[in-house]
Amino acid sequence: GTTPGEDAFCNRFLTLYPQYKEKYKADVEKYGDFLYERFFAETAAVKLKELIKENDKKAIAKMLEMLDEFYVDANYDVQSTITYTIIGSAFRDDDELFEKACVYMEKNAPHLLAPAKNMIEFIIKKEQKKKK
């Protein structure tokens, strides 16, 4: 088979979270294309943060397992979308919540744990440089 890309990732995300299908359609109509970074920052990152805050173990496992699977199997654009756009956007300003997410990743997204930690560290350093 082929390496899954942004469309395959989006299809799986929308299968798990059909409430975002209308947003997807509206975004494509508004921008004339699928701006996946924008879409996932506004949907998946928000949803992941919400799930971790709510501590819904089953829902967290479902999302993290999907992210882990695509992180392993998909192309580079999907990998960077997962780490930078989704993980980074969800937890860039909330260390405590990110630590909670890491506990879930240990069990449900083991391939994603180290890259997620590296990305959060990168984002924090980048933002600290901007402040100087």
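1. Buried means under 20% relative accessible area, exposed means over 50%, and partly exposed lies in between (1.4 Å probe, protein chains only). By this scale E50, at 31% relative accessibility, is partly exposed.

2. The model is predicted: local features need pLDDT of at least 70, side-chain atom pairs count only at pLDDT 80 or more, and totals for chains, interfaces and linings use all residues. Residues are numbered from 1 along each chain as its sequence is written, and side-chain values use heavy atoms, with hydrogens and water left out.

3. Side chains of opposite charge can pair when their charged atoms come close. A salt bridge here is a side-chain nitrogen of Lys or Arg within 4 Å of a carboxyl oxygen of Asp or Glu. Searching the whole structure gives eight salt bridges.

4. K47 is the salt-bridge partner of E50, with 3.2 Å between the closest N and O atoms. Both residues sit in helix α4 (residues 44–54), three residues apart, about one turn of the helix. Helices (H or I, at least four residues) are DSSP runs, numbered from the N terminus. K47 is buried, at 12% relative accessible area.

5. In helix α2 (residues 21–31), E22 and K25 are three residues apart, about one turn of the helix. They form a salt bridge, the closest N and O atoms being 3.7 Å apart. E22 is exposed, with a relative accessible area of 54%.

6. R38 and E42 lie four residues apart in helix α3 (residues 36–42), and their side chains meet in a salt bridge of 3.7 Å, N to O. R38 is partly exposed at 38%, and E42 is partly exposed at 36%. A network of salt bridges links K23, D27, R38 and E42.

Technical notes: Helices (H or I, at least four residues) and strands (E, at least two) are DSSP runs, numbered from the N terminus.
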